Amino acid sequence: TRTGLSRKIRWHNAAVHDLASGEQWTLLEERGVLSRYWMALEAELDDEGRVVRRFSSALIFSATTADTNGDSKLDDLDGVRALVTDPDGRRPRFVTPVGTQLVSVQFDDDFDVAILMVRVDLDGDAKFSDDEPPRPFLYHFGEDRAEPLLEEGTLGIIEGALE
């Protein structure tokens with residue numbers, strides 16, 4: 001069974017160290033800030049249903065690498081992309097598009113996916129506000145990109161009801 005864990009952080013990067021091989025690598029290859037992480041934890045159970053061990057099956061970080069609003073800071077007011085790694089921290093990659101802001105992550109155990117709530121800069125002003133409601137993106141673990149969950153026609157109906 002899978003559970004989710006989330007923590008606010010303020011890291012300018014993170015390093016991963018594989019103790020078995022001695023390899024080390026960083027998550028970001030450029031200047032940036034990691035402001036939150038989500039970890040999907042899976043439990044291995046014994047025959048009596050007791051937890052034998054827990055392990056990570058997915059890691060997702062919110063990463064800001066560009067001062068999109070021009071205030072000379074890298075923070076949660078800028079574009080924030082989802083940076084995903086394999087469960088062992090390898091292959092860090094951005095899975096949400098430039099010009100978006102990751103708001104939240106939920107893990108769906110039944111479908112083995114993550115649902116990423118993402119603001120899209122609809123008016124092109126490089127700022128994100130409540131006038132730009134988060135849209136769901138679907139991320140299949142192991143893939144290199146999250147995809148919009150809803151079609152444009154469906155989004156138009158939903159967002160039109162907010163006006």
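How far apart are the mean positions of the positive and negative charges of the chain? They lie 6 Å apart, for 18 positive and 33 negative charges. Lys and Arg count as positive, Asp and Glu as negative, with His and the chain ends not counted. Each charge is placed at NZ of Lys, CZ of Arg, CG of Asp or CD of Glu.

This is a predicted model; local features need pLDDT of at least 70, side-chain atom pairs count only at pLDDT 80 or more, and totals for chains, interfaces and linings use all residues. Residues are numbered from 1 along each chain as its sequence is written, and side-chain values use heavy atoms, leaving out hydrogens and water.

The chain holds eleven strands and one helix. Its order is β-β-β-β-β-β-β-β-β-β-β-α. Both element types are DSSP runs: helices are H or I with at least four residues, strands E with at least two, numbered from the N terminus.

| Property of the chain | Value |
|---|---|
| Buried share (under 20% relative accessible area, 1.4 Å probe) of 163 residues | 36% |
| Accessible surface (Shrake-Rupley, 1.4 Å probe) | about 9700 Å² |
| Carbon and sulfur share of that surface | 51% |

Contacts are heavy atoms within 4.5 Å. Among those with a separation of 6 or more, 45% join residues 24 or more positions apart.

One hairpin deserves a look. Strands β8 (residues 100-108) and β9 (residues 113-120) pair antiparallel over eight bridges; pairing takes at least two DSSP bridges. T100 has V120 of β9 as its bridge partner. Four residues separate the two strands, and D112 adopts a positive phi near 55° in this hairpin.

Conventions: Buried means under 20% relative accessible area, exposed over 50%, partly exposed in between (1.4 Å probe, protein chains only).
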